[in-house]
Amino acid sequence: MDPLLGQLLAPKYDAALVLLSYMISFWGALLALQCAKSMFRKDGTLDLGMTICAAASLGGIGIWSMHFLAMQAYRLTVPIAYDVVLTAASLAAAIVISGIALYLAGSHGKFKVSGWLAGSLLAGVGVCVMHYMGMYAMNLRATMLLNPTIVVISIVIAIAAASAALWLAFNLTRLLHRVIAALVMALAVCSMHYVGMYAANMICTSNAPLIPLKIGGNYLDVSVYAVAGLLSLCIFWVVLGRSMDENKLVETLR
């Protein structure tokens, strides 16, 4: 039955997609942690390729892909589509802000509290920018009203999660520790997302706003999987290339 005008739409969640959103966030976080350890060379200079990989892992897979998979788990009694321009802009914002935050926290290969704090604040705000930009990309027969108190709570969670993530990225060396850290990071990112979604009240309207380009349904699913898959392949290609170059250098010096 169609909802009435002015009716508060009650959301439901697909449990399988909620779990999948956590798994993809974990994967992105783990890749980011692995790449972050090689962002700076021994002489303190920046390895741009590894920095881009770390930023794409954290922002593109761990945050953006997680967000839109979680949004697919979010079900209302009206169809939901997304503004293509805002969706793409949120992806770019997530990657760029993640890269800058990682750079600040890395401090040319030497972890510093000042850089960590600045990076944490930027990353936390960046996560929120991406999240709420992604929410405002929604195109549906509803007006979104946000609860300011819960929004503030989501921002605090995002900054706390970012500070933990950046500290872990540059202070853990063992793979097992990085896996555990990625599990914690993914939990924090997902917590911020679902708290942020809880802040939104959807009030039914007569028609969805007209926008020139929109995407939804299975097309959005495919787009998210494609972004996560392509980014993962590119990251593996860069990391493998770095590993082969290092092996050649070692053989040359022998």
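Visitor: Which residues touch the most other members of the largest nonpolar core?

Guide: This is a predicted model, in which local features need pLDDT of at least 70, side-chain atom pairs count only at pLDDT 80 or more, and totals for chains, interfaces and linings use all residues. Residues are numbered from 1 along each chain as its sequence is written, and side-chain values use heavy atoms, with hydrogens and water left out. A nonpolar core is a set of buried Ala, Val, Leu, Ile, Met, Phe, Trp, Tyr and Cys residues joined through side-chain atoms within 4.5 Å, where buried means under 20% relative accessible area with a 1.4 Å probe, protein chains only. The largest one has 72 residues, and those touching the most other members are Tyr74, Leu76, Tyr82, Met138 and Met202.

Visitor: Which helix gives the largest share of this core?

Guide: Helices are DSSP runs of H or I with at least four residues, and strands are E runs of at least two, numbered from the N terminus. The largest share amounts to 13 residues, and it comes from helix H2 (residues 48–73).

Visitor: What does Leu76 touch?

Guide: Contact means heavy atoms within 4.5 Å. With residues up to four places away in sequence not counted, leucine 76 touches Leu9, Ala10, Pro11, Leu140 and Met202.

Visitor: Which strands stand at the edges of the open sheet of three strands?

Guide: Two strands pair if DSSP finds at least two bridges between them. The order is S5-S4-S8, with antiparallel pairing. One side of each edge strand is left without a neighbour in the sheet, because each has a single partner strand; the edge strands are S5 (138–139) and S8 (214–216).

Visitor: Which residue in S5 stands opposite alanine 81?

Guide: Strand S4 (residues 81–83) is joined to S5 by two bridges, and the two run antiparallel. Opposite alanine 81 stands asparagine 139.

Visitor: How far apart are the end C-alpha atoms of helix H6?

Guide: Helix H6 covers residues 175–198, which is 24 residues. The expected span is 1.5 Å times one less than the number of residues, so H6 should span 34 Å. The computed distance agrees, at 34 Å.

Visitor: Is histidine 193 buried or exposed?

Guide: Histidine 193 lies in helix H6. Leaving aside neighbours within four places in sequence, histidine 193 is in contact with Met66, His67, Ala70, Met71 and His131. Its relative accessible area is 2%, so histidine 193 is buried.

Definitions and conventions: Buried means under 20% relative accessible area, exposed over 50%, partly exposed in between (1.4 Å probe, protein chains only).
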